[in-house]
Amino acid sequence: MNILRNLFQVTVLLSLVACGDGATSNVTSSVPAVTPQIPNATSKTLKSVAPENLIIGVAASDDYLTNTKNHDIVEQNFNQITAENAMKMKFLHPTENGFSFANADAYVSYAKTHNLSVHGHTLIWYSDYQLPDFMKTYSGGKTEFLAMLKNHVTTIVNHFKGQVQSWDVVNEAIDDNGGYRNSVFYQKTGTDYLDQAFRDARAADTTVDLFYNDYSMEQGGNKFQTMQAMLDGMLARQVPITGIGFQMHVMLDYPSVDTIRASFKAIADRGLKVKISELDVPLNNPYGYGFIYKSLTDPAAALQKKRYCEIIKTYLEAVPVNLRGGVTVWGVRDSESWIPSTPDWKGNADWPLLFDANGKTKPAFEGFQLALESKPCG
Ligand code: XIL
């Protein structure tokens, strides 16, 4: 996210519309009063107001299955889960000849029981903490490395065949300046690993959706240009790619919805799917106006509500129904988000998600909901 270098100033909303429920009770008899259930925005779940067949996903944390506190929220609001970490490389393929599927299988089995589909994340990713040690120190040359990677992709996709709806085949292959990232994959194979991974995934599962996934592409710029060139090369070579996953770890004030819209459209215009794969909207912007929010103030929550609404609205407007890979939020409660633990945040707290630490819906949730219902964002 280092290229998030905007200098925009946040415009703090000075006035908020107070939305009390205004309920009055006319009960005057001695019959015990029953608190009327006042319908309000938050009484409707995301799933219940979403356009038909729209995938609305959420990342399921590492303790999601054992710590059941988020199950109701997820089962009521979402129809897809992405394991936040459990299906990353090292956890599925810790040693060259050893795969480990039990934990990931438990997510898939839970999802099946609760009518949730699963987005597989991710077959290939450079990031150190999840890269298997044996890949980091691989001694073989290009041919051996590609053969090892073929076995990795084929074995995993084959294992989950028919059980996951889509895969992030490659994650974050392009760096912040728009060059190919100098990962172990690139060092060993140049860009050859990219085509091969998609071809191997398709050979193992003929119907699953196959995505290239990355951050900051929605900003346009060099990274987006490189990705499009990569994509067009793949299409020309008939590499089986279904779509692009925009992670969308976006700022409250950056990039603009017009830029986001143009990025989505550029992919949809090629007839490829667009997925918002890891949406979150922190209040603070370490690349711009800094850490100005020390708590979730009402004006900040209102800005975040509007931002969520405008992002979802833009997605629904820019991407035709048949090309929608869906929208996934990267976590349930603010208190569980990865954002404050990323190096850029340097220990500063933030509140980037739809539910607060108590599992209560935030204004951001209502913003998401407004867009799903095609209502104005305000
Ligand atoms: C993050 C998880 O949320 C954290 O729990 C983990 O420590 C690091 O990875 N882009 C991605 C995701 O593709 O896999 C990352 O998830 C967030 C950035």
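1. How much accessible surface does the protein chain have, and what share of it belongs to carbon and sulfur atoms? The total comes to about 16,200 Å², with 51% belonging to carbon and sulfur. These areas come from the Shrake-Rupley method with a 1.4 Å probe, and for residues only the protein chains shown count as cover.

2. Before you go on, keep in mind that this is a predicted model, where local features need pLDDT of at least 70, side-chain atom pairs count only at pLDDT 80 or more, and totals for chains, interfaces and linings use all residues. Residues are numbered from 1 along each chain as its sequence is written, and side-chain values use heavy atoms, with hydrogens and water left out.

3. On confidence: pLDDT is the predictor's confidence in each residue, from 0 to 100. The chain has a mean of 91, and 89% of its residues reach 70 or more. Watch residues 1-42, though, where the pLDDT is below 50; this stretch still has 50 contacts in the model beyond near neighbours in sequence. Contact here means heavy atoms within 4.5 Å.

4. Now the overall build. You can find 12 helices and 8 strands in the chain; helices (H or I, at least four residues) and strands (E, at least two) are DSSP runs, numbered from the N terminus. Take the contacts between residues at least 6 apart in sequence: 79% of them join residues at least 24 apart.

5. Have a look at helix 12 (residues 363-372), which is mostly covered, with 8 of its 10 residues buried. Among those buried are Phe365, Phe368, Leu370 and Leu372. Their cover includes helix 1 (46-49), strand 1 (56-60), helix 2 (71-77), helix 11 (298-318) and strand 8 (324-329). Just after helix 12, Ser374 takes a positive phi of about 55°.

6. Leaving aside neighbours within four places in sequence, Val274 is in contact with residues including Ile244, Phe246, Tyr315 and Leu323. The C-alpha atoms of Val274 and Asn322 are separated by 9.9 Å, although the two residues are 48 apart along the chain.

7. On a 1 Å grid over the protein atoms alone, a cavity is a set of points where a 1.4 Å probe fits but cannot get out, while a pocket is an open set with protein on both sides within 12 Å along at least five of seven lines; lining residues have an atom within 4 Å of a point. Grid points are joined across faces, edges and corners, and a volume is the space filled by probe spheres set on the points.

8. The second largest pocket holds about 540 Å³. Of its 25 lining residues, Trp125, Glu172, Tyr215, Trp338 and Thr342 lie nearest the centre.

9. The whole structure has 2 cavities of 30 Å³ or more. The largest has about 70 Å³ of space, and its lining includes Tyr64, Glu84, Trp330 and Trp338. The second largest cavity has a volume of about 40 Å³, with Trp125, Glu172 and Arg181 among its lining residues. Strand 3 (117-125) and strand 4 (166-171) each supply at least two residues of that lining.

Definitions and conventions:
Buried means under 20% relative accessible area, exposed over 50%, partly exposed in between (1.4 Å probe, protein chains only).
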